[in-house]
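Please keep the sequence and the structure in view while reading.

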Amino acid sequence: SLSDIASSFTPNDDGDRDYFIINSENIKNMNATILEGNGTIVYSYKGVEIKWDGRNKKGEKVKEGTYYYIIDAEGIDG
């Protein structure tokens, strides 16, 4: 029910892979959490389509590095 999730993105405003995108089908609810390697949450989102531009909750660009994500989704069939 989730689209292919890219393994990397480069939010440098060059028009190529500037967003981390998760599209869904047949999903009723979805929560996404993006974390730094140390476990600090840098971004969280609720909705069925996710498009992250590499900014934290304060609107600041996060530093280059490895980030992890957790997706919690509920399908329309429960």
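## Partners across the sheet

In this predicted model, Leu35 stands opposite Tyr68, a residue of β5. Ile34 stands opposite Tyr69, which also belongs to β5, and on β3 Ile34 has Tyr43 standing opposite. Thr33, for its part, is placed opposite Ser44 in β3.

Strand β2, which covers residues 27–36, is paired with β5 in the antiparallel sense, and nine bridges are found between the two. The pairing of β2 with β3 is likewise antiparallel and runs over five bridges. Strands of a sheet are held in such pairs through backbone hydrogen bonds, and the pairing may be either parallel or antiparallel.

## The sheet as a whole

Taken together, three strands make up an open sheet, in which the order is β3-β2-β5 and the pairing is antiparallel. The edges are formed by β3, residues 41–46, and by β5, residues 67–75, each of which pairs on one side only. From one strand to the next, the twist averages 10°.

Asn56 lies in the loop that runs between β4, residues 50–52, and β5. The side chain of Asn56 reaches the backbone nitrogen of Lys58 at a distance of 2.9 Å. When residues up to four places away in sequence are not counted, Asn56 touches Val42 and Val62.

## The largest pocket

Where is empty space left among the atoms? Rolling a probe the size of a water molecule over them shows this. In this model the largest pocket holds about 440 Å³ of space, and 19 residues line the pocket, with Ser8, Phe9, Trp52, Gly65 and Tyr67 lying nearest its centre.

Which strand or other element gives the most to the lining of the largest pocket? It is β5, which contributes three residues to that lining. Sorted by class, the lining of the largest pocket consists of 10 nonpolar, seven polar and two charged residues.

How values were computed: Residues numbered from 1 in each chain as written. Predicted model: local features only at pLDDT ≥ 70, side-chain atom pairs only at ≥ 80, totals over all residues. Heavy atoms only, no water. Pairing = 2+ DSSP bridges. Helix = DSSP H or I, 4+ residues; strand = E, 2+ residues; numbered from the N terminus. Axes fitted to C-alpha atoms, helices over the stretch in contact; angles between N-to-C directions. 1 Å grid on protein atoms, 1.4 Å probe; cavity = no way out; pocket = protein on both sides within 12 Å on 5 of 7 lines; lining within 4 Å. Points joined across faces, edges and corners; volume = space filled by probe spheres on them. Nonpolar A, V, L, I, M, F, W, Y, C, P; charged D, E, K, R; others polar. Polar contact = N/O pair within 3.5 Å; in protein donor to acceptor, adjacent residues only side chain to side chain. Contact = heavy atoms within 4.5 Å.
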